[in-house]
Amino acid sequence: MGTYVITGSASGMGAAAAARMRAAGHRVIGVDLRDADVVADLGGEEGRAHAVREILALSGGTLDGVAAVAGVGPNVKSAAAVVSINYFGPVALLDALRPALERSGAGRAVVISSNSASTVPVIDDELVELLLAGDEKGAGERATAAQSALPAATLDSAPSIVAYATSKLALARWVRRTAVTPQWARRGVLLNAIAPGAVLTPLMTGSTGASQAPDADDFPTPMPLGVFGEAADIAFWIEQFLRPEARFTTGSILYVDGGTDAAMRTDAQPSAMRG
């Protein structure tokens with residue numbers, strides 16, 4: 001049995017993933033703001049450094065897998081906080097823990113992106129570049145500026161929608177760029193992403209402001225299956241990506257969204273490479 005880190009382990013998809021991995025007999029080091037083995041705020045450098053120190057101490061410096069699940073939704077008022085938590089948190093953590101994953105001989109890492117990265121038409125290309133360049137201060141300033149330009153109705157319902165969708169897109173691109181570098185691929189550390197859609201978690205209900213699940217057929221984006229996802233649906237795929245047997249998959253973005261992305265962008269994938 002292995003040793004795995006799961007961030008955001010206190011609720012939602014992170015809690016479901018942690019429960020699933022523990023049920024399979026693995027040791028799970030949970031990271032969250034509360035009720036976790038490692039209590040840390042991944043939205044800032046100090047919290048990330050603390051989390052890394054604690055994880056390495058608890059694991060003895062060797063990890064079989066990391067699932068970076070922690071994140072916040074577009075209802076958070078601070079756009080700068082959204083990019084720090086959703087992008088810089090998982091990137092910094094995985095960069096720091098990569099050597100521990102390498103030591104296991106079959107390290108696996110998975111991050112949570114979102115289908116909002118491809119189905120919400122508010123992506124800020126300049127913000128994407130700042131994120132991928134590692135400029136946290138500049139990205140925070142750009143996210144705040146983009147937020148101030150939103151219509152009043154959007155500011156009321158989803159004040160950080162631009163930062164949310166853009167940070168999730170940048171995270172998916174970071175995965176694809178990073179997974180194929182020699183430091184990861186040739187050292188046997190696999191890196192993939194899951195892009196959930198409408199999943200009934202505290203993040204979704206908090207973002208929509210609904211006290212109960214809305215009707216799937218009335219949802220703003222298509223729901224071909226007619227149902228919402230549950231945290232367990234994402235936890236299943238987190239476990240699959242973390243398994244040692246997942247030896248030939250890296251740099252992938254798996255949509256687990258009930259068909260929403262396929263319905264909205266039917267011919268977007270695959271796209272042919274043109275000479």
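How closely do the axes of H3 and helix H8 (residues 161-179) come, and at what angle do they cross?

1. This is a predicted model, in which local features need pLDDT of at least 70 and side-chain atom pairs count only at pLDDT 80 or more, while totals for chains, interfaces and linings use all residues. Residues are numbered from 1 along each chain as its sequence is written, and side-chain values use heavy atoms, with hydrogens and water left out.

2. To take the opening question, the axes of H3 and H8 come within 8 Å and cross at roughly 15°, where axes are lines fitted to C-alpha atoms, for helices over the stretch in contact, and angles run from 0 to 180 degrees between N-to-C directions. The two helices are therefore roughly parallel to each other, a label given to angles under 35 degrees, with those over 145 called roughly antiparallel, 65 to 115 roughly perpendicular and the rest oblique. Helices here are DSSP runs of H or I of at least four residues, and strands are E runs of at least two, numbered from the N terminus.

3. Contact between these helices (heavy atoms within 4.5 Å) involves, on the H3 side, residues including Tyr87, Pro90, Leu94 and Asp95, and on the H8 side residues including Tyr164, Lys168, Leu171 and Trp174.

4. Apart from neighbours within four places in sequence, Ile55 is in contact with Val5, Ile29, Val31, Val38, Leu63, Leu93 and Leu97.

5. The structure holds 11 salt bridges, each defined as a side-chain nitrogen of Lys or Arg within 4 Å of a carboxyl oxygen of Asp or Glu. One of them joins Arg98 and Glu102 at 2.8 Å, N to O, and both residues lie in H3 (residues 79-103), four residues apart, about one turn of the helix. Arg98 is buried at 12% relative accessible area, whereas Glu102 is partly exposed at 30%. These two residues and Arg187 are linked in a network of salt bridges.

6. A further salt bridge pairs Asp37 with Arg22 at 3.5 Å, N to O. Asp37 sits in the loop between strand S2 (27-32) and strand S3 (38-39) and Arg22 in helix H1 (residues 12-23), so the pair ties together parts that are 15 residues apart in sequence. Both partners are partly exposed, Asp37 with a relative accessible area of 44% and Arg22 with 42%. By contrast with that pairing, Asp35 and Arg34 form a salt bridge at 2.7 Å, N to O, in which Asp35 is exposed at 63% and Arg34 partly exposed at 47%.

7. Finally, Gly197 is located in the loop between strand S6 (190-196) and strand S7 (199-200). Neighbours within four places in sequence aside, Gly197 is in contact with Asn115, Val256 and Asp257.

Technical notes:
Buried < 20%, exposed > 50% of the residue type's maximum accessible area, 1.4 Å probe, protein only.
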